[in-house]
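Good morning, and thank you for coming.

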Amino acid sequence: MSTHYDVIIIGLGAMGSTAAYQLAKKGQRVLGLEQYGPAHDLGSSHGGSRIIRQSYFEDPAYVPLLLRAYELWNEIERESGQEILTVTGGLMMGPPDSLTVSGSIESSKQWNLAYEILEAKDIYKRFPAFTPSPATVALYEERAGFVRPEASVYTHLLQAEKYGAELHFFEEVVSWEAHPSGEGVRVITANGVYEAGKIIISAGAWAPDLLRDLGVSLQVERHVQMFFEPTQGIDIFSVGKQPIYIWEADDYVQLYGFPSFGLKAEGAKVAFFRKGTACTPETIDRNIYEDEVNMMRHYLAQGIPQLNGRFLQGKTCMYTNTPDEHFVISLHPEYPQVAIAAGFSGHGFKFASVVGEILADLVIEGKTNHPIDLFTPQRFAANKIV
Ligand SMILES: Cc1cc2nc3c(=O)[nH]c(=O)nc-3n(C[C@H](O)[C@H](O)[C@H](O)COP(=O)(O)OP(=O)(O)OC[C@H]3O[C@@H](n4cnc5c(N)ncnc54)[C@H](O)[C@@H]3O)c2cc1C
């Protein structure tokens with residue numbers, strides 16, 4: 001053992017990469033440990049695109065974090081010269097009483113965000129890829145768009161290295177120990193033992209193993225990102241014409257999608273939100289089945305018929321869900337030298353830039369000014385029947 005680090009980061013995906021960047025930039029001696037290569041496709045941060053939006057139907061408490069996230073996405077783009085955030089506009093569509101519509105309106109009102117409400121016929125007129133049922137309405141948000149997960153992870157890691165971070169790939173962490181005094185940690189990998197003042201555990205779908213003693217249920221789910229070829233040309237699905245969208249169908253099943261971009265440029269990506277199957281990183285079935293493609297076709301035929309063409313590709317990805325689908329971002333309740341970023345429940349990527357800043361605050365200052373009360377692991381302990 002030679003170097004003593006200020007911070008060791010376990011897992012260099014969406015959240016670990018931004019934390020490495022923020023901490024190295026602030027002069028901390030950082031060691032990042034990742035079991036796979038940089039920006040790999042075996043976790044939760046791949047597939048070319050992730051929705052970003054501000055009128056957040058999940059809870060208005062996320063909005064201030066989103067405003068800061070946008071600033072930080074712009075900052076890393078300026079610093080690196082790499083495009084990561086693309087603004088396309090966004091439609092949150094569904095029955096008026098759906099969470100997608102009513103929750104988005106609530107967040108927008110509470111935070112004074114600009115938005116428009118479109119009736120079904122206006123949606124079709126402006127965005128002719130959609131054929132919504134007459135009962136459908138949409139909130140249109142101009143600032144919504146997508147971020148590029150692989151580019152984000154890769155760029156943050158490169159910038160972290162520039163600021164002096166030491167990053168080890170293909171080195172799996174086997175276990176970690178925090179000194180009961182509240183000072184110091186040891187991290188054990190297949191290659192050695194490392195010591196540091198603090199650690200960050202940002203292990204995505206592998207967190208349930210590393211955080212067994214946290215008392216938070218983290219359930220991993222398999223999800224599929226699907227790429228279809230449009231039946232009448234790509235033009236109306238192109239960036240600039242087609243916005244990102246979240247569509248809650250008349251049966252309240254939520255789907256979301258993107259303009260044509262990235263992985264399969266001759267097609268566009270669409271997926272179900274929160275309709276996954278339980279798995280672990282070891283047991284996930286990476287095959288794609290005809291019945292799941294047909295299930296998607298059933299919805300495309302109703303609401304986005306021109307996307308119901310040739311199936312181009314399906315790519316599995318994992319959600320790590322908490323019981324209330326809100327994140328866990330906090331210092332460890334028992335060990336103040338351990339910071340946790342876990343349970344991003346299928347909607348974390350857009351926040352990665354600000355989560356890095358929050359983790360750096362927690363590690364350096366022991367607290368943050370960002371509003372993260374919603375994300376405390378103790379919210380689950382408080383509900384326990386003793
Ligand atoms: C299909 C799909 C669609 C999504 N769509 C959106 C969207 O539109 N918008 C949005 O905001 N969010 C979206 N999300 C959610 C978002 O992508 C995730 O919340 C986010 O990527 C989680 O980041 P993470 O850092 O926790 O996990 P990851 O990025 O997976 O990083 C965890 C890392 O830790 C490493 N690791 C784990 N254990 C160890 C160990 N023991 N030793 C060393 N390394 C280890 C892993 O290899 C991995 O690289 C989507 C997710 C999926 C799957």
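The lining of the largest cavity has three nonpolar, four polar and no charged residues; here Ala, Val, Leu, Ile, Met, Phe, Trp, Tyr, Cys and Pro count as nonpolar, Asp, Glu, Lys and Arg as charged, and the others, Gly among them, as polar. This is a predicted model, in which local features need pLDDT of at least 70 and side-chain atom pairs pLDDT 80 or more, while totals for chains, interfaces and linings use all residues. Residues are numbered from 1 along each chain as its sequence is written, and side-chain values use heavy atoms, without hydrogens and water.

Which residues line the largest cavity? They are Thr18, Tyr21, Gln22, Leu72, Ile76, His156 and Ser353. Three of the lining residues, the largest share, come from α1.

Let us turn to the ligand. Of the 33 residues around the ligand, Glu34, His40, Ser45, Ile51 and Cys317 come nearest; a residue counts as near if one of its heavy atoms lies within 4 Å. A polar side-chain atom of Lys350 lies 2.7 Å from an oxygen atom of the ligand, and a polar backbone atom of Phe349 is 3.0 Å from a ligand oxygen atom.

The shell around the ligand comprises 15 nonpolar, 13 polar and five charged residues. Why does the ligand lie between domain 1 and domain 2? It does so because domain 1 (3-45 + 150-218 + 324-383) and domain 2 (50-147 + 219-321) both give residues to the shell; the domain bounds come from an automatic or database domain assignment.

Key. Polar contact = N/O pair within 3.5 Å; in protein donor to acceptor, adjacent residues only side chain to side chain. 1 Å grid on protein atoms, 1.4 Å probe; cavity = no way out; pocket = protein on both sides within 12 Å on 5 of 7 lines; lining within 4 Å. Helix = DSSP H or I, 4+ residues; strand = E, 2+ residues; numbered from the N terminus.
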